[in-house]
Amino acid sequence: MTDPPAVADAPEVAEPSAVRRPGGSRPARRLPRLLLRPLAGRASTLLTNGGLLVGGLLSSVLVSRVLGPAGRGQYVTWQTWASTIGVFALGGLPQVLVLDDWTPGRHKLRELATPLLLSIAAALAALAGVAAFLRPAAVVFVAAVLIVLANQFSSLGAAEAQRMGRMSVEFNAARIVPQAAALLAMGGLLVAGSTGLAGWLVAVSVAQAAATALWLWRCCERGRVGHIPIGRTLADSVRLAPGNWMTQLQYRFDLLAVTALFRPEVVAFYAIGVAAQGAVLAAGQSRGMHWFSRRQGGTFAAGAGALRRELWRTAGTSLAVAVPLTLTVRLWIGGAYGSAFLPAAPIVAVLCGVGVMQSVDYLLGHEALIAGLGGRVILLRVPGLAVVAAGFGLAILWHWPTTGIAVIPGVGYAVSSVVFLAAARSRRSATAATAATGCRPPRPAAP
C-alpha cells in the first residue's frame with residue numbers, strides 16, 4: 001500500500017498449485033515484445049513494485065499539497081471505506097476464478113456477469129448504509145461507488161492473470177494500471193487548477209474505474225457460450241470469503257479505525273505513515289512474491305533451511321528501505337508534503353517498522369499456503385486480528401496518542417507471523433512423518 005488503496009492488492013489463493021495456466025487453454029493475447037522483455041521474471045515484479053511505490057508516493061504528495069491536511073484526511077477516509085467495502089463484497093470470487101478447473105482457458109465476460117453484479121449490489125447496499133450515517137454530498141457518494149467498481153474490476157483482472165499463470169507481465173500490469181490512471185487524472189486536475197475534494201475524488205475514481213474495466217475486458221474472453229456453473233461459483237465464493245475477509249481486515253483494520261475515530265487532520269498524518277509502510281512492504285514483497293512462485297510444485301519438506309534464509313533476506317530488504325526513511329523522516333516530509341504535515345513524523349517512523357513486520361507476515365502467510373493450509377487461513381489470522389482489535393480497544397479506553405496506536409498493527413503482524421510459522425512447521429513435521437511411514441498426510445479441513 002502506498003496512498004491508502006483505492007484499489008486492493010491481488011488476493012491470496014487457497015493453493016499454490018492452482019496458479020497455473022489450465023491445460024487446453026488458448027494462448028493469451030500478447031503484448032508487444034518490447035514491453036514483454038523488460039517485464040519478464042523477477043524484473044517484472046521489481047519494476048512493478050517500484051512503479052507502485054513511486055506512483056503511490058507521488059499521488060500522496062499531490063493530494064496532500066492540493067487539499068491540505070483536512071482535505072487529505074477526508075479523501076483518505078472515503079478511499080479507504082469504499083475500497084474496503086468493494087473488496088469485502090467480492091467475497092471469495094477472485095480465489096474461485098483462480099482455482100476454477102472446470103473452465104478451459106480464460107473466463108468469458110458473460111460468465112462473470114452474474115457473480116460480479118451480485119457483488120456490486122452487495123457493495124452498494126453497504127455503501128448506502130455508510131452514506132446514510134455520514135450524509136456525504138451526492139458527488140462524493142458517486143465517487144465512492146466508482147471506487148467500489150474500480151476495486152472489483154481490478155481484483156478480477158488480477159485473478160484472471162493468476163489463473164493463466166501469467167505472473168510476470170499481465171499480473172503486474174493489472175496491479176499498476178489503476179495507479180497509472182490515478183496519476184493521469186491528477187495531472188489533468190493540476191492543469192485545470194481544481195482544488196476541491198469532490199472534484200479530486202470523482203476524477204480519480206472515474207479514471208480508475210474506466211481503466212480497470214477496460215483491463216478486465218481485455219483479460220477475459222468474448223463469446224456467448226459459457227462453462228462456469230453459476231451456482232457452484234457463488235457457493236465457493238461464499239465458502240472462501242471468510243479467509244479473504246480476515247486477511248483484508250487485518251491489513252486494513254488500523255486505517256479503518258483511525259478514519260472512524262480521529263479528526264481528518266490526524267487521518268492525513270496517519271495516511272503518510274501508511275504510504276511509508278507501503279514502501280517498506282513493496283521492498284519485502286519483491287522477495288516474497290518470488291519465494292512463492294519458486295516454491296510452487298517443489299518439495300515442501302525440504303524447505304526449512306531455505307525458509308530461514310529467505311526470512312532474513314526479506315527482513316533485510318525491507319529494513320534497507322525502512323531505516324533511511326525513518327532517519328530522514330522530518331526532512332522528506334517537510335520537503336515533499338510541507339511543514340503542515342510535520343506532526344506525522346513520529347507516526348511515520350513507527351509505521352516503517354510495522355512495514356518490516358508486515359513483509360515477514362506476507363512471506364510466512366504464503367509459506368502456510370505452500371504447506372497446504374489454505375483452508376485454515378481464517379483460523380490462522382484470528383490471533384493477530386484479535387490482538388489488533390484488543391489493542392485498539394485499550395487505546396480508546398486509555399486515550400493513547402496516535403504514535404502508540406501505530407504500534408498496534410505491528411504487534412498483530414508479529415503474532416500472525418509466529419502462528420503461520422508454527423503451523424507451517426507442524427505441517428512439515430507431519431509430512432516428514434507420513435513420508436517415513438509411506439502414508440499420505442491428511443488434508444487440512446476447510447473452515
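Here is a short chat about the predicted model shown above.

Q: Hi! How many helices and strands are there in the chain?
A: Since this is a predicted model, everything here is read from computed coordinates. The chain has 14 helices and 0 strands.

Q: Thanks. How much of the chain is buried?
A: Buried residues account for 55% of the 447 residues. The chain exposes about 17900 Å², with carbon and sulfur atoms supplying 69% of that area.

Q: And the contacts, what share join residues at least 24 apart?
A: That share is 86%, counted among contacts between residues at least 6 apart in sequence.

Q: Let's go inside. Which residues touch the most other members of the largest nonpolar core?
A: Those are Tyr 270, Ile 272, Trp 332, Ile 333, Tyr 337 and Val 348, in a core of 32 residues. Helices that each supply at least two residues of this core include α2 (41–90), α8 (230–261) and α14 (402–437). The largest share, 10 residues, comes from α9.

Q: What does Tyr 270 touch, not counting residues up to four places away in sequence?
A: Tyr 270 touches Asp 254, Leu 255 and Val 258, then Ile 347 and Leu 351, and also Thr 402, Ala 406 and Pro 409.

Q: What other core lies apart from the largest one?
A: Another core has 24 residues, among them Leu 62, Ala 82, Ala 123 and Ala 182.

Q: Back to Trp 332 and Ile 333. Which residues of α11 are buried?
A: The buried ones are Val 329, Trp 332 and Ile 333. They lie on the same side of α11, because they cover an arc of only 100° around the axis. In general, an α-helix has 3.6 residues a turn, so residues three or four places apart point the same way.

Q: Nice. Which exposed residues does the face turned away carry?
A: On α11, the face turned away from the buried side carries Arg 330, Leu 331 and Gly 335.

Q: What follows α11, by the way?
A: Gly 338 follows α11, and its phi is positive, near 105°.

Q: Why does Val 323 count as partly exposed?
A: Its relative accessibility is 42%. Partly exposed covers the range between the 20% cut-off for buried and the 50% cut-off for exposed, so Val 323 at 42% belongs there.

Key
Residues numbered from 1 in each chain as written. Predicted model: local features only at pLDDT ≥ 70, side-chain atom pairs only at ≥ 80, totals over all residues. Heavy atoms only, no water. Helix = DSSP H or I, 4+ residues; strand = E, 2+ residues; numbered from the N terminus. Buried < 20%, exposed > 50% of the residue type's maximum accessible area, 1.4 Å probe, protein only. Contact = heavy atoms within 4.5 Å. Areas by Shrake-Rupley, 256 points an atom, 1.4 Å probe, with all protein chains shown as cover. Core = buried A, V, L, I, M, F, W, Y, C linked by side-chain atoms within 4.5 Å. Arc of directions from axis to C-beta.
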